[in-house]
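Subject: Structure handover

Hi,

My notes on what turned up in it follow below.

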Amino acid sequence: MTDPREKHHDEGFPDQEQTQPGITSETAPTPDHGEGSYRGSGRLEGRRALITGGDSGIGRAVAIAFAREGADVAIAHLPQEQEDADATVALIQKEGRRALSLAGDVRDEVFATDIVVETAERFGGLDIVVLNAAYQKDRDGIDTLETAEFQRVFETNLYGMLYSARAAVPLLKPGSSIIVTSSIQAFNPSAGLIDYAMTKAAQVAFVKAAAEELGPDGIRVNAVAPGPIWTPLIPATGWDAERLETFGQDTPLGRAGQPAELAGAYVYLASEEASFVSGAVLPVTGGKGL
């Protein structure tokens, strides 16, 4: 056993800033995606998966885990994230699985639809859809919230999710799984992330309604709700040095999580072990309550 308080980086993070969407090579310390630790056991053998926002952070950790569990994996990402996407593709292929890199913006309805169709065509079907792409920025207040900014948040986190889900549903067979990356912000919102938190709460409503609709077709719909996780999105959020120094320190475990610590949750929800789990929101929060 390991002490969960000390398993990963258990201090604050140094002052740093990136432009959105953030790049792994510029993130210090480098996030742990499970490259050296995740061990697969064939739980997703032969499955075909699409992960939006799969180039880095949580998406990369899930891609690594899915590949090591036997799945072929397509990742969608922004064009400026190609460096990270190439690294993730290499990690998938290292496991002997098929990989597909799809560059574009899920705010674009055509792109968000085409990635689903292309994944199914290239892999001969689609079994798992992880709707993970997201955008967040620190806000000074409601009165200064720019229309273009909250539109970007809504369009990335909600419109993109719906575009891809809508395209996927007709292609999914009984036993398939849709997994949404929601957030603790859906239940315990921060003022500075008000628009982001709104979208994460809406995603929970989507999961519960979609699970009700698609359950009779044998399709399960669930969400993972991460707490504070160290990814390139964090230094690109716009927080000051003090906020980064204390990031994750308010969890009962006393630290931020690493992307690798979420991978098992997605594998579980996609696997046969979760065959009776649908409409659920699985918290991975370091003990912070939903």
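First, the naming: helices (H or I, at least four residues) and strands (E, at least two) are DSSP runs, numbered from the N terminus. This is a predicted model, in which local features need pLDDT of at least 70, side-chain atom pairs count only at pLDDT 80 or more, and totals for chains, interfaces and linings use all residues. Residues are numbered from 1 along each chain as its sequence is written, and side-chain values use heavy atoms, with hydrogens and water left out.

**Before β1**

E11 sits in the segment before β1. E11 is exposed, at 53% relative accessibility. (Exposed means over 50% relative accessible area, buried under 20%, partly exposed in between; the probe is 1.4 Å and protein chains only are used.) E11 and H33 are 22 residues apart along the chain, and their C-alpha atoms are separated by 18 Å.

Two cis peptide bonds deserve a look. One joins Q20 and P21, with omega about 10 degrees. P21 is in the segment before β1. Another joins A28 and P29, with omega about -5 degrees. P29 also belongs to the segment before β1. For context, most peptide bonds are trans.

**Aromatic pairs**

How many aromatic pairs does the structure hold? There are six. The rule: rings of Phe, Tyr and Trp (its six-membered ring) pair if their centres lie within 6.5 Å; planes under 30 degrees apart count as stacked, over 60 as edge-to-face and the rest as tilted.

One of the pairs is F13 with W230. The pair is stacked, at 3.9 Å centre to centre with 10 degrees between the planes. The two residues are 217 residues apart and link distant parts of the chain. F13 lies in the segment before β1 (48-52), while W230 is in the loop between β6 (220-226) and α6 (241-245). F13 is buried, with a relative accessible area of 1%. W230 is buried too, at 0%.

W239 and F247 also pair. Their ring centres are 5.9 Å apart and their planes stand at 35 degrees, so this pair is tilted. W239 and F247 are both buried. F13, W230, W239 and F247 make up one aromatic cluster.

**T237**

T237 is in the loop between β6 and α6. T237 is buried, at 0% relative accessible area. What does T237 contact, leaving aside its neighbours within four places in sequence? Its partners are Q20, Q136, K137, D138 and L193. Contact here means heavy atoms within 4.5 Å. T237 and Q136 are 101 residues apart in sequence, with 6.1 Å from C-alpha to C-alpha.

**Helix packing**

Two packed helices are described by the angle between their axes and the distance between the axes. Axes are lines fitted to C-alpha atoms, for helices over the stretch in contact; angles run from 0 to 180 degrees between N-to-C directions. Angles under 35 degrees count as roughly parallel, over 145 as roughly antiparallel, 65 to 115 as roughly perpendicular and the rest as oblique. A crossing is left-handed if the near helix is turned anticlockwise from the far one by less than a right angle, and right-handed if clockwise. For residue classes, Ala, Val, Leu, Ile, Met, Phe, Trp, Tyr, Cys and Pro count as nonpolar, Asp, Glu, Lys and Arg as charged, and the others, Gly among them, as polar.

- α1 with α7: The axes of α1 (residues 57-68) and α7 (residues 260-270) come within 8 Å and cross at roughly 55 degrees. That makes α1 oblique to α7. The crossing is right-handed. I58, A61, V62, A65 and F66 in α1 meet A260, L262, A263, Y266, V267 and A270 in α7. This contact has 11 nonpolar residues, no polar and no charged ones.
- α4 with α5: Helix α4 (residues 147-168) packs on α5 (residues 194-214) at about 20 degrees, with the axes 9 Å apart. That makes α4 roughly parallel to α5. α4 passes α5 in a right-handed crossing. By class, their contact has 11 nonpolar, three polar and three charged residues.
- α3 with α4: Helix α3 (residues 109-123) and α4 pack at about 40 degrees, with axes 8 Å apart. That makes α3 oblique to α4. Their crossing is right-handed.

Best wishes
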